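These are my notebook entries on one structure. I begin with a single side chain and then turn to the sheets, the helices and the chain as a whole.

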Amino acid sequence: MKVLLINPPYTSSKYKFIGLVAPPLGIAYIGAVLENGGFEVEILDGAALELDWETLEARIKKAAPQVIAVTALTPTIDQGLETAKLARRACPDATIVLGGYHPSFNHAEILEKDYVDVVVIGEGEYTMLELVETLERGGDLNQVRGIAYDDVVTPPRPVINDLDDLPFPARHLLPMDHYKILNMKLHTATMISGRGCPMQCSFCASAALHGRRLRMRSAENVVDEMEHLIECHDAGMIAFMDDTFTLKPSRVEQVCDEIKKRDLDIYWGCTARADTLSSEMLQKMSDTGCITMFLGVESADQQQLDRVNKQLTVDKIRQAFTLSRKHDIRTIASVVLGMPGDTRDSISRTIRLVKELNPSYALFSLATPYPGTRFYREAVENNLIKVKDWSKYTLLTPVLETVDCSRDELKNMQKKAFRQFYLRPSYILRQLRMDGPIIIKTIATMMKEV
């Protein structure tokens, strides 16, 4: 039985601001598990390949699979459904499956489409394996945990306890030469070293999917994959895409020790929480190639941080950026403008804080409630959502209004934030020295997108 895994065509992303086109690791993990199970697998990354619909349909028809699985986030669900519709037309006898964040939390809505047969709920690796095995032998789908079909929702599948048991993602099935960071094709690779997050920020869909318990791969297993990426994919830069890579500092130091022990020559970056950083850990990270950290700032207003359950203080945030500069690690500051309770004053203070922190890059997102999160539930209960079109849930389009900001005002404040941060002559000169002329292209992309 042949399985085709598809990442639908998509041109907008919050990471486009920093020139990042990342491999779809979710379906690459699924592909690896299916291959280990003896199945023939092909992956089509429509986003990286920038496929148009006609070409995508032709590629699906040529592949002629018996199972077609499409992944989708909330802002890509329309593209995911269009891909499923094309798949049904191209291969009418194939089983069409949708999975990912949005389908997991909206399976009833997805199954209203007659061209979708099954929705995978939650982590998909072993659910897809069991589903394909069941389809191959003509078994009872009701016995497959973690799926929805027709009017049936089967019992949930437990999360994967030991992530070391997973094979490395099937990157040999991906167009690895199409991925980049800072608009540079540096043989960039991405990794995930852990799943789950105990912090439970109200707006985080990833924690909603993977649970509150932190599950981390061993340092040896993580560095095994780094070594694999260097040797087999000529990786020059690796970005850890965990919810928060630094959540367990002792494991971070173990990873650094293992990199040093093997004498790996690699640049890497990661996500981080401000209150997990110490000078000692940052020095180890810098010494072993860490050049960039993505830090959630969210707001300059402590009440807002408390409302979203950030469990972090503004002082800790300031300290984190000061420490990072001391160790020559670039920083990407991420903030959310327009959360319930935000005012013109609190948003202006947040913009001023980001300029004061002076990170290498900044992302000014608009508050967007994703299904599965506490933020979404509260927004629905309080009738705060003004836009129901999922394609607008990109963090660039205002879908809420605050107590004294209309949607138009929020959009204007986002534009103001980007202009005030990126169009400072001192910033442009600093980044030219650090990143070269590519910064001009990056800034131009940002101004165009917002």
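This is a predicted model: local features need pLDDT of at least 70, side-chain atom pairs count only at pLDDT 80 or more; totals for chains, interfaces and linings use all residues.

Entry 1, a side chain. I looked up Arg157 and found that its side chain makes a polar contact with the side chain of Thr127, at 2.6 Å. I take a polar contact as a pair of N or O atoms within 3.5 Å; within protein, one must be able to donate a hydrogen and the other to accept it, and residues adjacent in sequence count only if both atoms are side-chain atoms. A polar atom of the Arg157 side chain also lies 3.2 Å from the backbone oxygen of Arg145. Leaving aside neighbours within four places in sequence, I list Tyr126, Thr127, Glu130, Val144, Arg145 and Gly146 as in contact with Arg157, where contact means heavy atoms within 4.5 Å. Arg157 is found in the loop between β7 (152-153) and β8.

Residues are numbered from 1 along each chain as its sequence is written, and side-chain values use heavy atoms, with hydrogens and water left out.

I found 7 strands in an open sheet, ordered β2-β1-β3-β4-β5-β6-β7, with mixed pairing. Strands (E, at least two residues) and helices (H or I, at least four) are DSSP runs, numbered from the N terminus; two strands pair if DSSP finds at least two bridges between them. Because β2 (40-45) and β7 each have a single partner strand, they stand at the edges, and one side of each is left without a neighbour in the sheet. Strand β1 (residues 2-7) runs parallel to β2, joined by 6 bridges, and Val3 stands opposite Val41 in β2. Helix α7 (residues 125-137) packs on this sheet, touching β1, β3, β4 (95-99), β5 (118-120) and β6 (147-149).

I found 6 strands in an open sheet, ordered β8-β11-β12-β13-β14-β15, with parallel pairing. Which strands stand at the edges? They are β8 (188-191) and β15 (361-366); each has a single partner strand, so one side of each lacks a neighbour in the sheet. I count 4 bridges between β8 and β11 (residues 237-240), and Thr190 has Ala239 in β11 as its bridge partner.

I looked up α17 (residues 425-435) and α18 (residues 438-449), whose axes come within 8 Å and cross at roughly 130°. Axes are lines fitted to C-alpha atoms, for helices over the stretch in contact, and angles run from 0 to 180 degrees between N-to-C directions. I therefore record α17 and α18 as oblique to each other. Angles under 35 degrees count as roughly parallel, over 145 as roughly antiparallel, 65 to 115 as roughly perpendicular and the rest as oblique. Tyr427, Ile428, Gln431, Leu432 and Asp435 in α17 meet Ile438, Ile439, Ile440 and Ile443 in α18.

I note 18 helices and 15 strands. The C-alpha atoms fill a box of roughly 65 × 55 × 40 Å, taken along the principal axes.
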